Amino acid sequence: MFEKILIANRGEIACRVIRTAKKLGIRTVAVYSDADANAQHVKLADEAVYIGQSPATQSYLQADRIIQAAIDTGSQAVHPGYGFLSENDQFALACQQHNICFIGPPVDAILAMGLKATSKALMEKAGVPLTPGYHGTNQDADFLKQQADRIGYPVLIKASAGGGGKGMSLVERSEDFLHALASCKREAKSSFGNDDVLIERYVIQPRHIEVQVFGDTHGNYVHLFERDCSVQRRHQKVLEEAPAPQMPSEKLDAMRQAAIDAARAVNYVGAGTVEFIVEQDGTAYFMEMNTRLQVEHPVTEMITDEDLVEWQLRVAYGEPLPKLQNELKIHGHALEARIYAEEPEKGFLPAIGKIDYLRYPTQNQYVRVDSGIVEGDEITTYYDPMIAKLIVWGKNREAALIQMQNALSQFHVDGLGNNIAFLEK
């Protein structure tokens, strides 16, 4: 196993990786910016390296500085967490070129799944079901309108390189298409430097369900079941749960198999999440693949009793998957809520400032809190305003919902706005 790894991230995910590394006897190196000089991930790691000023563009997105920090500290591997450089093919390639193990998928897999249109073409070839639409390279406006007319309205225009709802537009009438297309392309160009789009039929009242997959360097693939992430605000997840409730078993089996087929099609290694848009009858269509660990991975850990970061480390080191498919089972039901410093009554604007008082719920086998924040810390404008992730487990969905209500009632934050009361509703 690795003796020392560098964690190219911050906050709760850096603390999360450190926790598993300590369990396995692996030394850890944190990186930090000016704003994070006294952060929890810096204190928990065995070593810490300063990489720049507070803005992420001057620190956590500085790939060269992170690579140099890994070299200087003798780190054998880099765990990218999620966000920042976690799905950056050039960063993964740079790690490879410096003989540093990137704890993530191969560069080719990141590239293959990085663009929505490219990934959908690959998935179509692999027999993975796609939402009816146009995923080709012809970007002529009149041609795209013809495709939308053929698919039938309403349709979604989506930035091929996009995410988080940027460069996306719902079009309900043919006469509105060209105006919406121009707007999408402008936003896509501004946000992602790429204005290519794809067109898909808009699924009415869809569910957003994702399947956790893992592959290793020995040709083994498994799924660790699915998560339902349908409760969203502005295309950002608010609540996640596992397993997906009220899904026909044959539809679930088809979706899980499609996720494994997707991973196999790109020779995937490590943790990945295959996201599906799901009709009310349970019919699932491939949406995209996230080539990293997801924010909501703890709900999968709670229902499988597996440590997914440990799986990542073992697979990256060259070991086979810790378990095969027939050894994986679902136990109970889990929910995750993201506790944010934000003002729900003011349109969910981020709340900035010092946390004067912070009390987490009592943690036990039913309640887990993942965080990199303690009382007295400041939420700044530089990074995501998430305070913590609250994860609960119950023997069934009803029991898990009761656990969540109880845990939220014990969660107290003073000094700045938060969404706890909103979540309790």
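Helix axes are here lines fitted to C-alpha atoms over the stretch in contact, and the angles between N-to-C directions run from 0 to 180 degrees. The structure is a predicted model, in which local features need pLDDT of at least 70 and side-chain atom pairs count only at pLDDT 80 or more, while totals for chains, interfaces and linings use all residues. Residues are numbered from 1 along each chain as its sequence is written, and side-chain values use heavy atoms, with hydrogens and water left out.

By these axes, α7 and α8 pack at an angle of about 120 degrees, and their axes are 10 Å apart. The two helices are therefore oblique to each other; angles under 35 degrees count as roughly parallel, over 145 as roughly antiparallel, 65 to 115 as roughly perpendicular and the rest as oblique. The crossing of α7 and α8 is right-handed, a term used when the near helix is turned clockwise from the far one by less than a right angle. In this packing, A141, D142, L144, K145 and A148 of α7 meet F177, L178, L181 and K185 of α8, contact being defined as heavy atoms within 4.5 Å. Helices (H or I, at least four residues) and strands (E, at least two) are DSSP runs, numbered from the N terminus.

Helix α7 spans residues 141-151, and L144, Q147, A148 and I151 in this helix are buried. These residues cover an arc of only 100 degrees around the axis, which puts them on the same side of α7; the arc is that of the directions from the helix axis to the C-beta atoms. Buried means under 20% relative accessible area, exposed over 50%, and partly exposed in between (1.4 Å probe, protein chains only). The cover over the buried residues of α7 includes β6 (133-134), β7 (155-159), α8 (177-192) and β9 (197-201).

Just after α7, G152 has a positive phi of about 100 degrees. Y153 and P154 are joined by a cis peptide bond with omega of about 0 degrees, and P154 lies in the loop between α7 and β7. A cis peptide bond also leads from A242 to P243, with omega near -5 degrees; P243 is in the loop between β12 (236-242) and α9 (249-265).

F225, although not a glycine, has a positive phi of about 70 degrees. This residue is in strand β11 (residues 221-233) and, at 8% relative accessibility, counts as buried. F348 likewise has a positive phi, near 65 degrees, and is found in the loop between β16 (342-343) and β17 (349-350). At 16% relative accessibility, F348 also counts as buried.
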